[in-house]
Amino acid sequence: MALFGKKRERLSDEDLLAEDEVVETSVRPEPADGEPGVDREWDRAGDGPYDITEWSALDGRLDLGALRLPAQAGMQMRLDLEQGSGRVVGATLTFGASQVQLQVFAAPRTTGLWDELRPDIARGIVEAGGAAEAVDGVMGKELRARMPGRAPDGRVAFQPARFLGVDGPRWFLRVVVNGPAAADDAQLRPILAFVRRVVVRRGEEPRPPREVLELTAPAGLLEAAAKQAQARKEAAQKAAAAKAATQTQLLRTADATRLTGISTRPGGQPGSGGPAAPPAAPSSSQAPAPAPEGGRHRAPSGDPQRADTPRAPINPDFR
């Protein structure tokens with residue numbers, strides 16, 4: 001038997017293109033019968049998540065570079081940015097009241113990362129005041145945790161969370177589930193079905209293990225986010241202008257004395273709102289105080305007329 005085989009004939013351009021198509025065609029393993037985790041054990045290669053060599057077609061998936069995510073009605077997506085660099089390092093998906101965060105990392109060629117990372121994650125949760133337990137799940141070992149947080153009234157509150165890990169060909173996919181699905185297997189089931197349809201594209205570049213694979217945002221998503229940000233900015237500017245106009249109108253129409261806190265009342269307190277009212281005139285029904293003997297009249301206390309001054313005689317013709 002020849003060691004190197006027969007010499008290969010020169011191929012035409014059409015043959016080379018056809019051969020390239022054959023190389024790029026993914027080899028999809030046939031999944032076994034039944035539902036994984038119910039009728040049989042879960043098999044990563046047959047049940048997903050898939051490697052790009054196993055499922056190269058988009059088939060309606062959203063292309064984020066290192067991740068291809070199934071498009072699902074009612075699903076909302078947020079891209080997670082790394083502080084400082086601004087790199088997209090994850091995607092958080094919302095399904096009803098539950099959230100799922102996906103991150104993909106480089107892994108060694110021969111061994112996986114989940115068995116190494118699982119104890120580290122559990123230790124970090126416990127040191128933060130929470131609790132974590134490793135259990136058997138549908139997709140292998142998983143962590144069921146109680147994450148500490150703060151309630152609106154300031155008290156410590158615990159929220160359920162599940163950590164799942166999937167070891168693929170030279171990549172590791174971390175899945176974190178928060179919300180009701182983290183504690184309810186019935187609500188978790190459709191989320192697991194979504195995760196199993198995810199496709200990972202690691203690339204051929206040499207990378208150190210545990211290095212997070214950067215994601216790329218689709219152009220349409222960036223344009224939509226830019227339009228939303230511009231709309232929020234314009235709305236904030238309009239609100240600020242309306243508030244300033246309202247304050248200006250208030251200064252034009254309001255009582256300046258009241259706004260400045262100055263009172264015009266003698267001995268009054270600031271903010272009284274205006275000048276003091278004049279003293280009430282004496283009632284006509286009140287008779288004048290009788291003059292003392294000797295024809296002298298003593299002025300009441302506070303009268304500017306000096307006390308004991310002679311009183312003018314009454315002219316009967318001017319009554």
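Arginine 87 first. At 26% relative accessibility, arginine 87 counts as partly exposed. Partly exposed here means between the two cut-offs: buried is under 20% relative accessible area and exposed is over 50%, with a 1.4 Å probe and protein chains only.

A word on the source. This is a predicted model, where local features need pLDDT of at least 70 and side-chain atom pairs count only at pLDDT 80 or more, while totals for chains, interfaces and linings use all residues. Residues are numbered from 1 along each chain as its sequence is written, and side-chain values use heavy atoms, with hydrogens and water left out.

Back to arginine 87. What does arginine 87 form a salt bridge with? Its partner is glutamate 82, and the closest N and O atoms are 3.1 Å apart. A salt bridge means a side-chain nitrogen of Lys or Arg within 4 Å of a carboxyl oxygen of Asp or Glu. Glutamate 82 is partly exposed as well, at 31% relative accessibility.

How many salt bridges does the structure hold? The count is 19.

Next, arginine 155. Its side chain meets that of aspartate 153 in a salt bridge, at 2.7 Å from N to O. Is arginine 155 buried or exposed? Arginine 155 counts as exposed, with 60% relative accessibility.

Now glutamate 205 and arginine 207. They form a salt bridge, with 3.9 Å between the closest N and O atoms. Glutamate 205 is partly exposed at 42% relative accessibility. Arginine 207 is partly exposed too, with a relative accessible area of 31%.
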